[in-house]
Amino acid sequence: MSLDPELINDCVHCGFCLPTCPTYALWGEEMDSPRGRIHLMKQHVEGTPMTPEMAGHFDACLGCMACVTACPSGVRYDRLIEQTRVEVERQHVREPRERAVRGLVFSLFPYPRRLRLLRPGMWLAERMAPFLARAHPSLGAMAALAPRVEHRQRMPRVVRARGERRAVVGMLTGCVQGEFFPQVNAATARVLALEGCDVVIPRGQGCCGALSVHSGLDGQARRLASRTVRVFERAGVDTVVVNAAGCGSSMKEYAELLGREPGFRVMDLSEYLAELGPVAKRHPLPVTVAYHDACHLAHAQSVRSQPRELLGAIPELELREIPESAICCGSAGTYNLLQPQAARDLGDRKAKAVGTTGAQLLVSANPGCTMQIAAATRRAGGEIRVAHTAEVLDASLRGVGL
């Protein structure tokens with residue numbers, strides 16, 4: 001994969017992207033805006049070597065794709081930054097400590113079995129964060145973000161539809177979602193079953209490759225994506241439902257990554273439920289909810305209205321909008337581990353915006369966002385309950401409290 005000059009030339013440097021870019025909002029630096037980074041990409045394509053300064057500006061990009069939504073010229077910044085990150089990984093020699101941290105992150109997070117080994121010590125993570133931060137800021141960030149993990153829930157291979165079967169779908173369990181938020185996968189399967197779906201959860205699935213795609217690790221991304229495609233093609237499903245925004249975004253681009261269309265379509269849970277239409281009864285949930293737009297759902301997949309419609313259809317639930325909803329919370333895959341200070345600043349900004357809503361519950365459709373905003377809220381001395389869209393729907397459909 002190399003940088004496409006035609007995609008670079010689509011940018012007319014109009015500046016519509018500037019107000020939507022999180023790093024430009026933080027620092028006001030032109031080279032840390034989308035059009036500034038595209039200018040650097042053009043320089044590199046025309047022969048300028050990949051300098052450490054240039055790599056630093058590319059590394060500082062969250063890949064949130066807010067600029068793609070804002071761009072009136074249809075610039076494919078999403079493709080450009082992914083191609084550029086492959087070039088950075090090929091040509092830029094990182095400092096030994098940075099190499100070690102990145103090696104740890106990408107040999108750990110895409111592998112569910114390795115993540116599982118962390119679970120027994122998760123309750124200590126928050127206390128250990130200050131000590132680990134002295135060794136390296138990324139290690140401190142990793143510990144501070146650690147969620148309070150519920151007991152592991154082993155998913156069956158098939159969850160049968162309740163009542164008349166309307167559809168058969170596959171379900172991605174994911175790596176971080178599956179190991180750190182198992183209750184979200186359980187709720188997702190129950191909601192689909194209550195809406196008349198047989199849910200196929202094949203064994204042997206793992207990371208979909210999203211973290212690697214977003215970080216320029218092309219070889220690892222292709223290996224993980226190829227395995228995911230094989231697993232779901234063997235399962236014989238024509239639709240795979242995904243409940244993590246970053247995973248869904250990358251899986252929808254498998255044709256570009258692998259050079260062929262997979263034998264199934266990929267849909268976010270809220271997108272699929274909105275298309276399917278409701279049949280199960282919604283019971284009242286008297287709660288005020290702030291819905292957070294995960295960037296890879298709102299910007300990369302253009303899924304905005306569906307989760308709001310699903311939540312809004314629950315009796316007695318009050319939905320409140322978060323100010324600056326288009327600005328990233330700072331999670332962005334592994335960004336909050338590899339760029340901890342910028343991520344922390346954005347997380348604090350998002351937590352403050354969430355706080356202005358006065359909502360009792362924060363709802364997000366991405367595990368990274370959930371961890372990021374919860375950690376920022378704790379830093380500010382507050383506490384807010386967090387839930388996935390699937391968990392809220394599950395509580396309403398079953399008539400239980402959240």
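This report describes helix packing, a sheet and the cysteines in a predicted model.

## Helix α3 and its two neighbours

Two packed helices are described by the angle between their axes and the distance between the axes. Helix α3, which covers residues 34-45, packs against helix α6, residues 77-91, at an angle of about 50 degrees, and the two axes lie 11 Å apart. The pair α3 and α6 is therefore oblique, and the crossing of these two helices is left-handed. On the α3 side the contact is made by Pro 34, Arg 37, Ile 38, Met 41 and His 44, while α6 contributes Tyr 77, Leu 80, Ile 81, Thr 84, Glu 87 and Gln 91. Sorted by class, the residues in this contact of α3 with α6 comprise six nonpolar, three polar and two charged.

Helix α3 also meets helix α4, residues 52-59, where the axes come within 10 Å and cross at roughly 140 degrees. That angle makes α3 oblique to α4, and here too the crossing is described as left-handed. From α3 the contact draws on Arg 37, Leu 40, Met 41, Gln 43 and His 44, and from α4 on Met 54, His 57 and Phe 58. The contact of α3 with α4 has four nonpolar residues, three polar and one charged.

Strands of a sheet pair through backbone hydrogen bonds, either parallel or antiparallel. In this model, five strands form an open sheet with mixed pairing, in the order β1-β3-β2-β4-β5. The edges are taken by β1 (158-159) and β5 (265-268), each of which has a single partner strand, so one side of each is left without a neighbour in the sheet.

Within the sheet, strand β2 (residues 167-171) runs parallel to strand β3 (residues 197-200), and four bridges join the two. Gly 170 has Val 200 of β3 as its bridge partner. Helix α17, residues 269-276, packs on the sheet and touches β2, β3, β4 (239-242) and β5, with a direction that makes about 95 degrees with that of β5.

## Cysteines without disulfides

A disulfide is a covalent bond between the sulfur atoms of two cysteines. The structure holds zero disulfides. For Cys 71, the closest cysteine sulfur is that of Cys 14, and the separation of 5.9 Å is too far for a bond. Cys 207 is likewise in no disulfide, with the nearest cysteine sulfur, that of Cys 175, 3.8 Å away.

Technical notes
Residues numbered from 1 in each chain as written. Predicted model: local features only at pLDDT ≥ 70, side-chain atom pairs only at ≥ 80, totals over all residues. Heavy atoms only, no water. Axes fitted to C-alpha atoms, helices over the stretch in contact; angles between N-to-C directions. Parallel < 35°, antiparallel > 145°, perpendicular 65-115°, else oblique. Left-handed = near helix turned anticlockwise from the far one by under 90°. Contact = heavy atoms within 4.5 Å. Nonpolar A, V, L, I, M, F, W, Y, C, P; charged D, E, K, R; others polar. Pairing = 2+ DSSP bridges. Disulfide = S-S within 2.5 Å.
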